[in-house]
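The sequence and the model are shown first.

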Amino acid sequence: IIMRFPDDAEVSDELWDEVIGSMKLHMGDKFPIIRTFSVRALSRFVNDSENSDILDLFLEALAMEQNADVRKTIILSFPASNLTSQAIVDCTLDVNESVRRAAYIVLANKFPIQSLSIKHRTVILQRGLSDRSPTVVKECLKLMKDEWLAKHCKSDPIELLKFLDVETYETIGDSVMGALLCAGVIDLHDGQSACRFMGLTSTEAVGDGCASSQLLDPEIALYWRSICKHLQAEAQ
């Protein structure tokens, strides 16, 4: 009933306070289904400044909750914040597949890549791409392709690699490129060459054999190394 109330429903503050207080008590109910619906009810108020203790209650409950469905509901109810980002990233290691999948759904829907630290970005992809569950891997790929790559990097893999500090996290960069290539996301145009990243004209490239004293950026070097390995593997 609480979840179906419209935002402009005329309900007195006293009644809302009573409802919220009751739901907080039910967060400790012995039945998981009651705890689940209590979380769903309280999620309506989790962004209210006057009910900031609800988020603290969610974080505390998540750390102690034994039931996977309740943990999943808490994760899906989290707003985007520095406090919740760490808790959600931690849940990518949850023992339950549905909880891990929920963590990736929330990260995709509520956390733009710019809002996460480099460490969090790399951990999220490292865990997701190597998860033992195909459904979790699929959700991680969806996050990486549809959100981070398409929306925040304009579908440019090199821009995505820049967000991952591949000079420090080289193996993560390799995993990301491997996943993108296997998924057919990267379009290998005929005639595409690394020379254009060196600032060479077509004439210079032909004359020098694409040799240049200019060093490639780490992201560009990793990108082309992955492309070459992929093409070599396909040829074999």
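Which residues form a nonpolar patch on the surface? In this predicted model, the patch consists of Phe31, Ile33, Ile34 and Phe37, which together have about 390 Å² of accessible area. One of these residues, Ile34, lies in helix H2, which spans residues 32-42, and with a relative accessible area of 34% Ile34 is partly exposed.

Nonpolar side chains in soluble globular proteins tend to be buried together. The largest nonpolar core of this model has 62 residues, and the members that touch the most others are Phe58, Leu160 and Val176. Helix H8, made up of residues 134-149, supplies the largest share of this core, with eight residues. For Leu160, the contacts beyond its neighbours within four places in sequence are Ile113, Met144, Trp148, Leu149, Cys153, Val176 and Leu180, so that Val176, itself among the core members with the most contacts, is one of the residues that Leu160 touches.

Arg71, by comparison, is a residue of helix H4, residues 68-77, and because its relative accessibility is 8%, under the 20% limit, Arg71 counts as buried. A polar atom of the Arg71 side chain lies 3.4 Å from the backbone oxygen of Glu65. When residues up to four places away in sequence are not counted, Arg71 touches Leu62, Glu65, Gln66, Asp94, Val95, Asn96 and Val99.

The relative accessible areas of the two residues are set out below.

| Residue | Relative accessible area | Class |
|---|---|---|
| Ile34 | 34% | partly exposed |
| Arg71 | 8% | buried |

Terms used
Residues numbered from 1 in each chain as written. Predicted model: local features only at pLDDT ≥ 70, side-chain atom pairs only at ≥ 80, totals over all residues. Heavy atoms only, no water. Patch = residues over 30% accessible without salt bridge, like charges linked within 9 Å, V, L, I, M, F, W, Y side chains within 5 Å. Areas by Shrake-Rupley, 256 points an atom, 1.4 Å probe, with all protein chains shown as cover. Salt bridge = Lys/Arg side-chain N within 4 Å of Asp/Glu carboxyl O. Helix = DSSP H or I, 4+ residues; strand = E, 2+ residues; numbered from the N terminus. Buried < 20%, exposed > 50% of the residue type's maximum accessible area, 1.4 Å probe, protein only. Core = buried A, V, L, I, M, F, W, Y, C linked by side-chain atoms within 4.5 Å. Contact = heavy atoms within 4.5 Å. Polar contact = N/O pair within 3.5 Å; in protein donor to acceptor, adjacent residues only side chain to side chain.
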